[in-house]
Amino acid sequence: TAAAGDVVRLTAETWDPDGDEVRVEWWQYVEAGTSSSTLELDGVGETVSFVVPPTASPGERIHVICTARDSGTPSLTRHRRVVVTVAG
C-alpha cells in the first residue's frame, strides 16, 4: 500500500544454481491494474523505483512484474508480480 506521490522501491534478489548470468527486467502490467497512469520505472537490474502517480485515486491497483531470465540453454524464466494499492 502506498499513497499518491509516494516513492516505491522494489528489489529482487536473484541467483542461478548453475552459475549462469541472470538478467532482471521490470515492467508495468497496465491491463491487470485499475490505474490508467503509466509508470516511469527508474533503475536497472534487481532494484527499481517509481512514484505513485499524484493523480491516483484511493483503491486503485498498480501491477508491476519482475522477469528474471538466465543465460543458460535452454534459457529459464521466472516472473513475480507486485500489486500496489493506492491508500486513501
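Select valine 51 to start: this residue is partly exposed, with a relative accessible area of 45% (partly exposed lies between buried, under 20%, and exposed, over 50%, with a 1.4 Å probe and protein chains only). The model is predicted, so local features need pLDDT of at least 70 and side-chain atom pairs count only at pLDDT 80 or more, while totals for chains, interfaces and linings use all residues. Residues are numbered from 1 along each chain as its sequence is written, and side-chain values use heavy atoms, without hydrogens and water.

Stay on valine 51 and colour strand E3, residues 47-51, which contains it (strands are DSSP runs of E, at least two residues, numbered from the N terminus). A C-alpha to C-alpha distance from valine 51 to glycine 5 reads 5.8 Å, across 46 residues of sequence.

Zoom out to the protein chain. It has zero helices and five strands, in the order β-β-β-β-β. The C-alpha trace spans about 45 × 20 × 15 Å along its principal axes. Of the 88 residues, 34% count as buried. Among contacts with a separation of 6 or more, 62% join residues 24 or more positions apart.

Methods. Helices (H or I, at least four residues) and strands (E, at least two) are DSSP runs, numbered from the N terminus. Contact means heavy atoms within 4.5 Å.
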